[in-house]
Amino acid sequence: MDVLFFWIALLSTVAVLAYHRASLTMFSALIAALLAVATFTDTVGVVSWVLFLAVALPLNIASIRQQYLTKPLLKLYRKIMPEMSTTEKEAIDAGTTWWEGDLFRGTPDWHKLHNYPKPRLSAEEQAFLDGPCEELLAMVDDWHTTHERADLSPEVYQYLKDKGFFAMIIKKQYGGLEFSAYAQSCVLQKLTSKSMVLSSVVGVPNSLGPGELLQHYGTKEQQDYYLPRLAKGLEIPCFALTSPEAGSDAGAIPDTGIVCKGEWEGKEIIGMRLTWNKRYITLAPIATVLGLAFKMQDPDGLLGDKKELGITCALIPVTTPGVKIGRRHFPLNVPFQNGPTQGQDVFVPLDYIIGGPKMAGQGWRMLVECLSVGRAITLPSNSTGGIKAAALLTGAYARIRRQFKLPIGKMEGIEEALARIGGYAYMAEASTTMSVGSIDLGEKPSVISAITKFHMTERMRQAIIDAMDIHGGKGICMGPNNYLARGYQGAPVAITVEGANILTRNMIIYGQGAIRCHPFVLAELQAAGLEDERAAVTAFDRALFGHIGFSISNFFRALWLGLSNSAFSASPYADATAKYYKQMNRYSAALALMSDVAMGTMGGDLKRRERISARLGDMLSMLYLTSAVLKRFNDDGRPAQDLPLVQWACEDNLHKAQVALDEMLDNFPNRIVGAVLGKLLFPWGRTLRKPSDQLDHQVSRIMQTPCEARSRLATNLYMTLEPNNQIGLVEKALTDILAAEPIFDKVVHAANKRLPFFRLHEVAALGLELGVITEAEAEKLRVAEQGRLHTINVDDFDPLDLAADKSLFDTKPKAKSAAA
Ligand SMILES: Cc1cc2nc3c(=O)[nH]c(=O)nc-3n(C[C@H](O)[C@H](O)[C@H](O)COP(=O)(O)OP(=O)(O)OC[C@H]3O[C@@H](n4cnc5c(N)ncnc54)[C@H](O)[C@@H]3O)c2cc1C
């Protein structure tokens, strides 16, 4: 064996073992075997054995390793790791990890992904969607709600209460609907497709709020009293956390609850004196019970030694003397009930604390635990409903609206924006379904909920911008016939609430993901925090050396998968989707490697390097969203017609993952590390491309042509044909236009002249006169013309109708304004 061959064999052995995550013992045994062969053939001598044993023995003998390596490293670790605040610790401890953990760890098991059950509706849930949801939506007129009344009508509120819309999460034993997370998501998607106000009003009580908190932490008395009342709509809840001084930094609320003695119902008791100033609180103006978060203090030691008890949540009936409530904010012309509330020295008993006095100071933990569930359902579902509605409406509009004698949807420029909406619609449905499905499997997915919240709301904003651009003036002129503008106006609401998006992307996704999904980081942190030094060294040893092996393995995996462009890596299918699985193997390994490199080179400073953290989070998010797309395709039975949508979504996501990795390496604080890894991870340059123009064309075609793939995009939208449901009307117009086109062509051919595709009633008359069409065909042309006009026309108003303060105008608004 010559020396060169020996070194190649040694390096290959190390690389293959690392790639397959072999144990330290296996490593040592195989290298020893290789050395033995090399000694036998006189290729290596004693020096090699000495070097090998000097490394292998201390590493393999636990007592030596712990004494001489682990102990000093633990000391160093404790010195460099920054202190974590209690709120940070509680946020990290809250919730569970699921499939995103596999993606984070660099070796996703695709069979495991596809074996997660597809979420399904029970017969009762389906009946609710087909019955009460449809009935409710028929009652709602969105223009009336958003413009004329600035609220839902009393009849709609009553219907919501009567049918249990506010009680989807409340257990049946208390009179609630106890729906699965998937069913809640379907209901919210359907409501959004007609009215954002409606889905916001329904979403909030079913998300983070008194109902959720009471079911998890309430005392039996609280549950027995409140839950049946919430289920019947006798109580309207809201949850008040945000203060003018504490928005994103919610743990810093200045609102207080001072433990003190006071008089309650004629007796002296120990209670709390609450002082708060909250804003932006959804449903507060009409709430009957206020879920209030405040910092509890016990300065006189009435409850024990602890003076600062911490964040606490209580339920305060709004009839309690001193509670101020009722005024409204005006959120971006999507006027759901939202407003401030204040209280000054409002005395209440300790029993008002959710879970009773023993839960004093447990508020933050309660909130973050529940947030991981609610955040994965409400905003992602509302956004998904919005994107899907935009996809259907814009696809139809692009086919109906003609300019330059062509449907605008046939123009390449429009196809680009249209395909983005279609790809996002497919992806949004896929990832929201997968995320809520995880909740139904018993998870409390804190990382997934942040990923889904951020990306669904961002994609919704982009989709609605694209839809507006495609609609031109039709999207801009507001009125009962405008089905886009409120979505466009309201998009920033979803971006801002439940963790404003910049914060969510830069801090939360990776910040929680790194610690929760990494197989060793949390174990290292916990080991370092142990008081028993022996136990700390043993636990830290296990975590640290596991971590080192994991990092070495990720290095070789990322290197090989980059070098081979992932050509030989595993995919569960050998069809057009195989390349996406393979690229995900590659980016998953790269994420695992970069995560360790970032933590290793920046340590605690990574918390402040938000843009590095954001891009690591982007990689994780793109992997998660792509796997959701592939799972949906699989769960739907791999229908060939959906393939362009699947390909578009996968290619867009994977390209975004590549951009994130590329930009991170370009901006890596340690320039040498960034440059070296740039060469290693991208040996052939940036190989992934955005969806091609051809793919954009295919997706646009699906969106403009009634077909199974398009119908699947419309799942759970309110498509019913009725006078004030624009999606139903525009869908009908699309079908009518498509039916009229061949008849129109027949008339054009017979008349031997190029006619414009409008005034179809005149074309009908000409066709009858020429005797080339039947009366039934003429009627189809007339019906298509009506639908066409309804679709392209916009509203206009008497000037007085638009003025909020009509008293300024007397009866002749124009004359008065001119004089002014
Ligand atoms: C319509 C509406 C309804 C709401 N409903 C409720 C409700 O029912 N109950 C309730 O308690 N609250 C509610 N909120 C409050 C909502 O949760 C907050 O608005 C949100 O937490 C952001 O706080 P803020 O608006 O004060 O923004 P700020 O905290 O001032 O943030 C401003 C910007 O700074 C960014 N930012 C902040 N910190 C960081 C960071 N560390 N890194 C990077 N960027 C950062 C944010 O992302 C944001 O872009 C609602 C808000 C709105 C607008």
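In which helix do R782 and E779 both lie, and how many residues apart are they? Both are in helix α31 (residues 775-792), three residues apart, which is about one turn of the helix. The model described here is predicted. This briefing covers the ligand site, a nonpolar surface patch and several salt bridges.

**Ligand site**

- The ligand has 20 residues around it, and those that come nearest are F239, T242, S248, Y280 and E610.
- By class, twelve residues of this shell are nonpolar, six are polar and two are charged.
- Y280 has a polar backbone atom 2.8 Å from a nitrogen atom of the ligand.
- In T282, an N or O atom of the side chain is 3.0 Å from a ligand nitrogen atom.
- On its own the ligand has 980 Å² of accessible area, and the protein covers 68% of it.
- Two or more residues of the shell come from each of β1 (237-240), β3 (267-282), α19 (485-496) and α20 (501-517).

**Nonpolar surface patch**

- A nonpolar patch on the surface is formed by L53, L57, I61, I64 and Y68, with about 460 Å² of accessible area together.
- Helices α3 (46-60) and α4 (62-80) each give two or more residues to this patch.
- L53 is located in helix α3, and its relative accessible area of 38% makes it partly exposed.

- Side chains of opposite charge can pair when their charged atoms come close.
- R782 and E779 form a salt bridge, with 2.8 Å from N to O.
- R782 counts as partly exposed at 25% relative accessibility, and E779 counts as partly exposed at 38%.
- R788 and E785 form a salt bridge in which the closest N and O atoms are 3.0 Å apart.
- R788 and E785 are separated by about one helical turn because they are three residues apart in helix α31.
- R788 is buried, at 10% relative accessibility, and E785 is buried, with a relative accessible area of 5%.

**Other salt bridges**

- The whole structure contains 35 salt bridges.
- One of them joins D642 to R712, with the closest N and O atoms 2.8 Å apart.
- This pair links distant parts of the chain, 70 residues apart: D642 is in the loop between α24 (610-635) and α25 (643-666), and R712 is in helix α28 (residues 708-713).
- D642 has 0% relative accessibility and so counts as buried.
- A network of salt bridges links D102, R105 and K112.

Notes. Residues are numbered from 1 along each chain as its sequence is written. This is a predicted model: local features need pLDDT of at least 70, side-chain atom pairs count only at pLDDT 80 or more; totals for chains, interfaces and linings use all residues. Side-chain values use heavy atoms; hydrogens and water are left out. A residue is near a molecule or strand if one of its heavy atoms lies within 4 Å of it. A polar contact is a pair of N or O atoms within 3.5 Å; within protein, one must be able to donate a hydrogen and the other to accept it, and residues adjacent in sequence count only if both atoms are side-chain atoms. Accessible areas come from the Shrake-Rupley method with a 1.4 Å probe; for residues, only the protein chains shown count as cover. Helices (H or I, at least four residues) and strands (E, at least two) are DSSP runs, numbered from the N terminus. Ala, Val, Leu, Ile, Met, Phe, Trp, Tyr, Cys and Pro count as nonpolar, Asp, Glu, Lys and Arg as charged, and the others, Gly among them, as polar. Patches are made of residues with over 30% relative accessible area and no salt bridge: like charges are joined within 9 Å, nonpolar side chains (Val, Leu, Ile, Met, Phe, Trp, Tyr) within 5 Å. A salt bridge is a side-chain nitrogen of Lys or Arg within 4 Å of a carboxyl oxygen of Asp or Glu. Buried means under 20% relative accessible area, exposed over 50%, partly exposed in between (1.4 Å probe, protein chains only).
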